[in-house]
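Biologist: I would like to learn how to read a sheet and its aromatic contacts. Please take me through one case.

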Amino acid sequence: MTALTRRHDSKAPEETWRIYFGDIQAGTIAKNKGSIGSPAWQWFCGFYPGSHPGEQSVGTAASFAEARSAFESAWRAFVSRRSPGDFDEWRRHQAFTT
């Protein structure tokens, strides 16, 4: 199975990591710029098109390590419901919009 990789987004205003599954952006983990007392990190897992609205997951965590662990758990659940056609749909959309 293809491994998840991450790339730092130097253009984002806060520390942001884009998570990839091969050539597909599977989500993000980013420093939360919320108010004092809010969790330090937020994560988003999923991609569209190639999934239905509401199938993506989001969450917050106190540390990057916790956000990464939560993302990986959410990804395992998300990817288990994907077919090869879902990935192809995302790729076709990317090719069309570029």
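Predicted model: local features only at pLDDT ≥ 70, side-chain atom pairs only at ≥ 80, totals over all residues.

Biologist: In what order do the strands of the open sheet pair?

Modeller: Helices (H or I, at least four residues) and strands (E, at least two) are DSSP runs, numbered from the N terminus. Two strands pair if DSSP finds at least two bridges between them. Here 5 strands form an open sheet with antiparallel pairing, in the order E1-E2-E3-E4-E5. Strands E1 (4–8) and E5 (57–61) are the edges, each pairing on one side only.

Biologist: How is a pair of aromatic rings described?

Modeller: By the distance of the centres and the angle of the planes. Rings of Phe, Tyr and Trp (its six-membered ring) pair if their centres lie within 6.5 Å; planes under 30 degrees apart count as stacked, over 60 as edge-to-face and the rest as tilted. The structure holds 9 aromatic pairs. For Phe 21 and Phe 87, the centres are 5.6 Å apart and the planes at 35°, so this pair is tilted. Phe 21 lies in strand E2 and Phe 87 in helix H2 (residues 84–97), so the pair ties together parts 66 residues apart in sequence.

Biologist: Are Phe 21 and Phe 87 buried or exposed?

Modeller: Both Phe 21 and Phe 87 are buried (under 20% relative accessible area, 1.4 Å probe, protein chains only).

Key:
Residues numbered from 1 in each chain as written. Heavy atoms only, no water. Buried < 20%, exposed > 50% of the residue type's maximum accessible area, 1.4 Å probe, protein only.
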